[in-house]
Amino acid sequence: MAGLDIGSSSIKVVELKRSRGALEAAHCGLEDLPRDLVVDSMIADAGTVSTAIARLFATAGIKTRDLVTAVSGHSVILKKITLPIASDQALPEAIQREATLHIPFDLADVNLDYQVLSEQRERGQLEILLVAVKKDKILNYTQALSLAGKNAAVVDIDSLALLNCYEYNYAPGAEDVVALLNLGASILNINIVKGICPLFPRDVSMGGHQYTEALQRELELSYEEAEALKRGSAADSPHRDARLPILKQVTESIVLEIQKTFDFFRASAEGEPIAKIYLAGGSSRVDGLAEALQEEFSLPVEFLDPFLKISRPSQADAAEVAQHHPEQMAVAVGLALRSFNDL
Ligand SMILES: Nc1ncnc2c1ncn2[C@@H]1O[C@H](COP(=O)(O)OP(=O)(O)OP(=O)(O)O)[C@@H](O)[C@H]1O
Ligand SMILES: [Mg+2]
């Protein structure tokens, strides 16, 4: 199965294959999407998005129909709960009952799933991760995929895919507490994890669009001019000096939001010191962001490399994507990893 990450500003695809016991990114691709096709983490224009998906698969040379994709943002609820240890037969019913307390939607309107994270025998408890996604959101994604001739065999969650990517590449120790941050164009996925267990997943509506909008507003630029200036690719722009203070202001509001989440986490029962921050998502590359995080939290900050233990693709276009945009490929790699049950 290929891993397909449909973001609000770009679509990313990865297909992994096993060669001599190791994993290799056989194919990968990235295509920027025009604005307003994916709004509020819903696909607003299924026709255009599905055409882009079909084109992305064709240029990346991916033939498989089956894929793993993910959703995030609002209408997605991730919640850790504890339940008394129950038999395999009784557990689904107990979870349904408990879910009504935690899910702010009618259960008839959501797809509900769960994963038992750990069994604490001495306390007689199970730690469970509850996941609920509005059915209309899943339908919104799967319809766009079937228009592209694809089949969503699995629908995952962005922040969990990022965790899979981290787990495979970094093989963390059971006690390592780190924060995984994925800063896209519209959404910031924050997932504080211990070993390979999510402790505190949270999505915030913030991202790269805010930088672009601030540059547009303050410097009276077009969207395209502001994007180029933000990415540092407008070398001869007269606004080069003005950009940094504007970027800094937006960075401060994003750092503040991360600070709030870290504070909530610290105040929670599971609050433990965070040892490191891993950054992913295209907007993690905004000038000064990594430094601001390092300064604010006095923690090591590292860009998450989805190809640390996975060989990069050999085909030229795919190699270019893996080399120049690794941070944007992290979720897609995490999704593609789900093809293998035995990792
Ligand atoms: N070199 C760069 N410097 C700054 N920003 C960048 C750079 N490259 C990409 N971006 C920004 O990263 C964002 C795209 O990243 P990504 O592909 O992770 O987002 P997405 O998955 O489309 O969005 P979301 O998940 O929030 O819906 C865009 O806002 C883009 O402007
Ligand atoms: Mg994204």
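Helix H5 (208-219) and helix H6 (223-230) each contribute at least two residues to the shell around ligand 1; helices (H or I, at least four residues) and strands (E, at least two) are DSSP runs numbered from the N terminus. The model is predicted: local features need pLDDT of at least 70, side-chain atom pairs count only at pLDDT 80 or more, and totals for chains, interfaces and linings use all residues. Residues are numbered from 1 along each chain as its sequence is written, while chains are lettered from A and ligands numbered from 1 in the order in which they are written.

Ligand 1 is surrounded by 20 residues, of which Gly-7, Ser-8, Gly-184, Gly-208 and Gly-282 are the closest; a residue is near a molecule if its C-beta atom, placed from the backbone, lies within 6 Å of it.

H5 has 12 residues and reaches 17 Å from its first C-alpha to its last, close to the expected 16 Å, where the expected span is 1.5 Å times one less than the number of residues. Its buried residues are Gly-208, His-209, Tyr-211, Thr-212 and Leu-215. These lie on the same side of H5, because they cover an arc of only 160° around the axis, taken from the directions from the helix axis to the C-beta atoms. A residue is buried if 20 or more other C-beta atoms lie within 10 Å of its own, exposed if 12 or fewer, and partly exposed in between. The buried residues of H5 pack against strand E11 (177-183), H6 and helix H7 (240-267), contact being C-beta atoms within 7 Å. Just after H5, Glu-220 has a positive phi of about 50°.

In the protein chain, 42% of the 343 residues are buried.

Methods:
Contact = placed C-beta atoms within 7 Å.
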